[in-house]
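Here is a short briefing to read with the model open beside you.

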Amino acid sequence: MREVHEITDSPVQKKTTLYIQLADEMAQAILSGVLRVGEKMPSIRKLSGQRQLSLSTVMEAYRELEDRGLIEARPQSGFYVRQKRNLATPELTAPPKNPSHVFIDPLLTPAALWRINKEISVDFGMAILSPKLFPNQQMQRMLSQVSRQYPDLISDYGESQGDIELRRQISRRSLLWGGQVEADEIIITQGGIEALNLCLRAVTKPGDVVAIESPAYFGLLQILESFKLKALEIPTHPKTGISVEALEFATRNGEVKACVLLPNFSNPLGSLMPDENKQRVVKLLDERNIPLIEDDIYGEFCYQGDRPKPAKVYDKTGNVMLISSFTKIAAPGFRVGWVVAGKWHKQIEQLKFINTYSTPVLLQRTIAKFLETGGYDHHLRRLRKSCAEQVSYAVDAIQRYFPADTRLNVPQGGYVLWVELNSAIDTITLLQDALAEGISFTPGSLFSPSHSYRNCLRVCCVEAWTTKHEKAIERLGQLARMQLPQLALQT
Ligand SMILES: Cc1ncc(COP(=O)(O)O)c(C=O)c1O
């Protein structure tokens with residue numbers, strides 16, 4: 001109220017406020033379904049008479065709605081609610097302020113939830129790309145070439161730090177993101193998951209508090225639970241990632257012992273932290289002596305332009321541990337990942353030795369060859385294009401078929417979509433209904449130790465889009481609406 005009072009002081013501002021107020025009101029009517037898709041908007045003259053507003057104020061409100069993508073003008077006919085809605089973006093999340101132990105209900109893991117089902121015909125649940133998108137034949141050829149060229153690798157334990165050929169290739173590629181990481185600074189792991197395990201083990205002990213994004217990657221929550229660590233969920237924006245201000249506040253009293261972030265195309269939000277925020281977070285955590293574990297597993301999945309920089313590029317003291325993996329891009333079954341562990345290099349190398357000793361050298365050398373011959377870059381370009389297409393089709397379908405008050409984050413990379421439904425909808429119930437019809441997705445509450453986000457879901461776009469996917473999204477929209485009886489008949 002105070003704000004309205006203040007900005008109505010000048011006549012120009014008063015007019016601005018009025019047209020925005022009217023636009024907001026009409027937008028609400030559209031998003032809640034009172035004004036339906038394709039329906040004609042009240043005429044400008046009629047609305048101006050009813051509301052006792054000038055014609056120009058109503059016209060400006062309609063232009064504002066046009067800009068927001070909610071209505072369109074049709075020549076000699078007036079304004080209509082647009083066919084394709086631009087759903088609003090979810091807002092900054094608001095998780096509980098206190099840290100808590102992580103408890104994952106065994107009945108509420110993705111595996112348990114999906115197992116109840118007979119058969120999944122449309123899988124939006126797993127963040128695992130379709131085998132068709134991987135260069136399997138090329139990898140097969142390379143694997144046999146490498147095993148012919150280096151037959152001794154089969155009987156070779158390899159070094160705990162990892163194959164030098166692969167580390168050199170990773171080092172060479174780090175120049176592309178401005179990292180200039182030396183081969184000696186890299187440790188090869190069994191996928192990103194081993195790297196996450198090792199990093200957390202190196203810098204925490206049971207009972208410690210770890211700051212995480214909210215919502216957070218499910219696998220990370222499982223690790224926190226198994227290490228008896230407490231999670232402190234930090235408010236996170238679906239577009240720009242963790243709130244730096246909230247992280248600053250949460251780390252003021254020395255309680256937080258480590259922080260795990262996915263600055264580039266996070267899972268499940270799809271957020272991308274602006275470089276300035278990455279820089280601020282690196283500086284803040286360094287000043288407060290809190291190690292930052294950066295999971296950059298989706299960093300290469302940008303749809304356009306150069307891949308975003310990892311936060312590691314702003315690290316001047318070795319306080320950032322950067323993790324990535326070839327599982328999402330080249331060969332999930334090879335389980336080859338890596339970490340640049342900064343100050344904790346020696347500890348991580350030792351922990352790797354204790355944990356799995358080494359990562360199969362033959363598989364590491366095969367990935368190294370793939371990187372060396374340029375096959376990797378060619379494949380990556382195709383993969384980025386496929387993911388961008390799959391995501392764009394899914395976005396269109398969700399905008400068309402989900403209830404009008406749905407919020408959706410449209411990411412700039414990766415292949416997961418975060419969808420927020422009306423707060424009355426329970427996505428675990430929705431999943432049970434969907435599974436009965438062979439459709440899967442991941443309910444939002446799985447991504448939060450406080451089991452928040454019960455009205456949210458993650459939709460993974462892991463294969464080429466077909467009418468089967470389109471129909472599945474349409475059906476999910478219908479099933480969601482069925483939990484809202486008063487909206488069941490609306491589009
Ligand atoms: C954010 C994130 N980090 C790590 C992993 C684990 O990666 P990997 O399969 O390389 O162990 C995943 C897998 O889904 C992931 O989504």
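The points below are grouped by topic.

This is a predicted model. A search of the whole structure turns up 12 aromatic pairs. The largest pocket holds about 670 Å³ of space, and there are six cavities of 30 Å³ or more.

**Aromatic pairs and a cluster**

- A pair of aromatic rings is described by how far apart the centres are and by the angle of the planes.
- Tyr62 and Phe79 make an edge-to-face pair, with 5.1 Å from centre to centre and 75° between the planes.
- This pair links distant parts of the chain: Tyr62 belongs to helix α4 (residues 55–67) and Phe79 to strand β2 (residues 78–81), 17 residues apart.
- Both Tyr62 and Phe79 are buried.
- Phe326 and Tyr376 also form an edge-to-face pair, at 6.1 Å centre to centre and with 80° between the planes.
- Phe326 sits in the loop between β11 (320–325) and β12 (337–340) and Tyr376 in helix α14 (residues 375–401), so their pair ties together parts that are 50 residues apart in sequence.
- Phe326 counts as buried, at 4% relative accessibility, and Tyr376 counts as buried too, at 2%.
- Phe124, Tyr393 and Trp465 come together as one aromatic cluster.

**Charges over rings**

- Arg252 places its charged end over the ring of Phe249, 3.8 Å from the ring centre.
- Arg365 has its charged end over the ring of Tyr150, 4.5 Å from the centre of that ring.

**The largest pocket**

- What lines the largest pocket? Its lining has 31 residues, and those nearest the centre are Ala127, Ile128, Tyr217, Tyr298 and Lys328.
- Helices to look for here are α5 (110–115), α8 (191–203) and α9 (218–226), the elements that give two or more residues to the lining of the largest pocket.
- By class, the lining of the largest pocket has 19 nonpolar, eight polar and four charged residues.

- The lining of the second largest pocket divides into 10 nonpolar, three polar and four charged residues.

**Cavities**

- Rolling a probe the size of a water molecule over the atoms shows where empty space is left.
- The largest cavity has a volume of about 140 Å³.
- Of the 15 residues that line the largest cavity, Arg173, Trp177, Glu300, Ser324 and Trp338 lie nearest its centre.
- Both α7 (164–174) and β11 supply at least two residues each to this lining.
- Eight nonpolar, three polar and four charged residues make up the lining of the largest cavity.
- The second largest cavity contains about 80 Å³ of space, and the residues that line it include Val102, Phe103, Asp105, Phe218, Ser445 and His451.
- The lining of the second largest cavity has eight nonpolar residues, three polar and one charged.

**Backbone details**

- Which peptide bond involving Pro215 is cis? The bond joining Ser214 and Pro215 is cis, with omega at about 5°.
- Pro215 lies in the loop between β6 (209–214) and α9.
- Asn267 and Pro268 are also joined by a cis peptide bond, with omega near 15°, and Pro268 is in the loop between β9 (256–261) and α11 (275–287).
- Gln52 has a positive phi, near 55°, although Gln52 is a residue other than glycine.
- Gln52 is placed in the loop between α3 (44–51) and α4, and is exposed, with a relative accessible area of 72%.
- Gln76, likewise not a glycine, has a positive phi of about 55°.
- The loop between β1 (71–74) and β2 holds Gln76, which counts as exposed at 87% relative accessibility.

Notes. Residues are numbered from 1 along each chain as its sequence is written. This is a predicted model: local features need pLDDT of at least 70, side-chain atom pairs count only at pLDDT 80 or more; totals for chains, interfaces and linings use all residues. Side-chain values use heavy atoms; hydrogens and water are left out. Rings of Phe, Tyr and Trp (its six-membered ring) pair if their centres lie within 6.5 Å; planes under 30 degrees apart count as stacked, over 60 as edge-to-face and the rest as tilted. Helices (H or I, at least four residues) and strands (E, at least two) are DSSP runs, numbered from the N terminus. Buried means under 20% relative accessible area, exposed over 50%, partly exposed in between (1.4 Å probe, protein chains only). A charge sits over a ring if NZ of Lys or CZ of Arg is within 6 Å of the ring centre and within 35 degrees of the ring normal. On a 1 Å grid over the protein atoms alone, a cavity is a set of points where a 1.4 Å probe fits but cannot get out, and a pocket is an open set with protein on both sides within 12 Å along at least five of seven lines; lining residues have an atom within 4 Å of a point. Grid points are joined across faces, edges and corners, and a volume is the space filled by probe spheres set on the points. Ala, Val, Leu, Ile, Met, Phe, Trp, Tyr, Cys and Pro count as nonpolar, Asp, Glu, Lys and Arg as charged, and the others, Gly among them, as polar.
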